[in-house]
Amino acid sequence: MKIIIFGTGEIAELAYYYFTNDEKYNYEVVAFVADDEYINSSTFKGLPLVEISKVYNLYPPSKYKAHVALSYNKLNRIREEKYNLMKSLGYNLVSYVCSKSITWPDLNIGDNCFILENQTIQPTVKIGNNVMIWSTNHLGHNCQIDDHAYLASGITVSGHTKIGKRTFVGVNASFKDFINIGSDVFVT
């Protein structure tokens, strides 16, 4: 499957590495995309770097899928904005769940998620769209992570817990079971 990656920072570099090195996936990254005003080179990681204004014609959504690889700037709003932009252009946005994680067949996951290694994701977990989950976390049964959230490393989310939209959860946070964390919350 041929994909393009929106981004040229640290997250885009990591996405490129994971997409091209995880044997579970058959992704071929063919180009990177960025906002026109941020492009100062024609390549990134040895691949074409394309202005967003030209991507639709050069890499049409009928032939390519995409992934938005941005961090949690402005409480995840920049990643949400670019996610919505790529969707509006007609791209199917691919998710990545590292093969070095433990999941169950009933995992319900949205599009454009980026979930790194060493997760323990128990049964009946629901993960929304455009969620980033860094390495080594525990997501308990029946928990829900809403759209555009970002979970750093070493987090324990106990069963039946809900984390709201655009929420950022910092390293080593722990949540007891049966609680709701609202949207647009910064937890450290």
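This is a short talk on the fold of one protein chain, taken from a predicted model.

Two ground rules first. The model is predicted, so local features need pLDDT of at least 70, side-chain atom pairs count only at pLDDT 80 or more, and totals for chains, interfaces and linings use all residues. Residues are numbered from 1 along each chain as its sequence is written, and side-chain values use heavy atoms, with hydrogens and water left out.

Let's start with the whole chain. It holds 3 helices and 20 strands. Both are DSSP runs, numbered from the N terminus: helices are H or I with at least four residues, strands are E with at least two. The C-alpha trace spans about 50 × 35 × 25 Å along its principal axes. The radius of gyration is 16 Å, which agrees with the value near 16 Å for a compact globule of 188 residues. That radius is taken over C-alpha atoms, and the globule rule is 2.2 Å times the number of residues to the power 0.38.

How much of the chain is buried? Buried residues make up 52% of the 188. Buried means under 20% relative accessible area, exposed means over 50%, and partly exposed lies in between, with a 1.4 Å probe and protein chains only. Now contacts, meaning heavy atoms within 4.5 Å. Take the contacts between residues at least 6 apart in sequence: 35% of them join residues at least 24 apart.

Next, the sheets. Strands of a sheet pair through backbone hydrogen bonds, either parallel or antiparallel. Here, two strands count as paired if DSSP finds at least two bridges between them.

Strands β2 (28-34) and β4 (47-51) run parallel, joined by 3 bridges. Within that pair, Val-33 has Val-50 as its bridge partner, and Phe-32 stands opposite Leu-49. β3 and β4 run antiparallel, with 2 bridges. There, Thr-43 partners Pro-48. Their hairpin leaves 2 residues between the strands, and Lys-45 takes a positive phi near 55 degrees.

The other open sheet I want to show has 6 strands, in the order β6-β8-β11-β14-β17-β20, with parallel pairing. β6 (96-97) and β20 (186-187) stand at the edges with a single partner strand each, so one side of each has no neighbour in the sheet. Inside, β8 and β11 pair over 2 bridges in the parallel sense. Phe-114 stands opposite Met-132 in β11.

Now to helix α3. It has 12 residues and reaches 16 Å from first C-alpha to last, close to the 16 Å expected at 1.5 Å a residue. The expected span is 1.5 Å times one less than the number of residues. Which residues of α3 are buried? They are Arg-79, Glu-80, Lys-82, Tyr-83 and Met-86. Their cover includes β1, α2, β5, β11 and β14. After the helix comes Gly-90, with a positive phi near 100 degrees.

What about the nonpolar cores? A nonpolar core is a set of buried Ala, Val, Leu, Ile, Met, Phe, Trp, Tyr and Cys residues joined through side-chain atoms within 4.5 Å. The largest has 49 residues, and Phe-19, Ile-127, Leu-139, Leu-151 and Phe-175 touch the most other members. Helix α1 (10-21) gives this core its largest share, 5 residues. Apart from it lies another core of 17 residues, including Val-30, Ile-52, Tyr-59 and Tyr-83. Back to Leu-151: leaving aside neighbours within four places in sequence, its contacts include Met-132, Trp-134 and Val-169.

Last, two loop residues. Leu-75 sits between β5 (65-68) and α3 (77-88). Is Leu-75 buried or partly exposed? It is partly exposed, because its relative accessible area is 22%. Beyond its neighbours within four places in sequence, Leu-75 contacts Arg-166, Phe-168, Asp-184, Val-185 and Phe-186.

Asp-111 lies in the loop between β7 (108-109) and β8 (114-115). At 16% relative accessibility, Asp-111 counts as buried. Leaving aside neighbours within four places in sequence, Asp-111 has contacts that include Tyr-83, Lys-87 and Asn-129. And Tyr-83 is one of the buried residues of α3.
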